[in-house]
Amino acid sequence: MTLLAAIPYTSGFQIDGFMAALATRLKARGLRLGGVVQHNDGACEQGCLSMALEDLASGHRFPISENRGAASSGCRLDASGLAAAGGALTAALADGADLVIVNKFGRQEMLGQGLRQEIAAALMAGVPLLIAVRHDFLAAWRDFAGDDWTELPGEPERIEAWALSLARAAA
């Protein structure tokens with residue numbers, strides 16, 4: 001069984017809420033989680049959502065959206081918040097998490113930025129990792145991850161079974 005699994009999803013699917021609920025479910029089953037899930041809260045002045053990454057080990061939230069003011073034409077990812085969240089991911093590797101969850105392999109990771117280095121560090125450390133990948137980023141994901149990963153459907157029961165089987169194998 002591979003230590004890396006990705007959940008492909010379509011644009012428009014509420015992946016952030018799905019991944020947060022999945023993390024809650026896995027914690028309830030006794031898994032020690034590391035990594036980050038995204039929460040989208042109230043609207044910024046320009047109408048986009050205020051985004052934050054939650055450190056699954058501590059519960060601390062790192063704001064990752066930059067409010068550019070009412071005259072701006074869109075939201076902007078705050079690189080400093082993303083970097084701080086990356087530190088939480090690195091700490092999860094040192095603290096011996098049963099599973100690392102990264103909310104998604106998105107545009108920033110596709111471009112070689114975002115949490116890409118932390119994802120690679122988890123893979124190199126041999127820590128089980130679960131990530132979501134939007135269908136239009138799957139080619140970039142395959143270029144990054146290679147072929148040694150499991151594709152999981154967006155079904156919480158199947159994902160939970162995969163994660164628990166890894167935890168049992170490690171015990």
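The model is predicted, with local features requiring pLDDT of at least 70 and side-chain atom pairs pLDDT 80 or more, while totals for chains, interfaces and linings use all residues. Residues are numbered from 1 along each chain, and side-chain values use heavy atoms, without hydrogens and water.

His39 lies in strand β2 (residues 33-43) (strands are DSSP runs of E, at least two residues; helices are runs of H or I, at least four). Its relative accessibility is 16%, so His39 counts as buried (under 20% relative accessible area, with exposed meaning over 50%, for a 1.4 Å probe and protein chains only). Beyond neighbours within four places in sequence, His39 contacts Ala20, Ser50, Met51, Ala52, Glu54 and Arg61 (heavy atoms within 4.5 Å).

The axes of helices α2 (residues 79-94) and α4 (residues 116-125) come within 9 Å and cross at roughly 5 degrees (lines fitted to C-alpha atoms over the stretch in contact, angles running from 0 to 180 degrees between N-to-C directions). Helix α2 is therefore roughly parallel to α4 (under 35 degrees). Gly86, Leu89, Thr90 and Leu93 of α2 meet Glu118, Ala121 and Ala122 of α4.

In helix α5 (residues 138-145), Leu138, Ala140, Trp141, Phe144 and Ala145 are buried. These buried residues fall within an arc of 155 degrees down the axis of α5, so they line one face (directions from the helix axis to the C-beta atoms). Ala139 and Asp143, on the other side of α5, are exposed.

Methods
Parallel < 35°, antiparallel > 145°, perpendicular 65-115°, else oblique.
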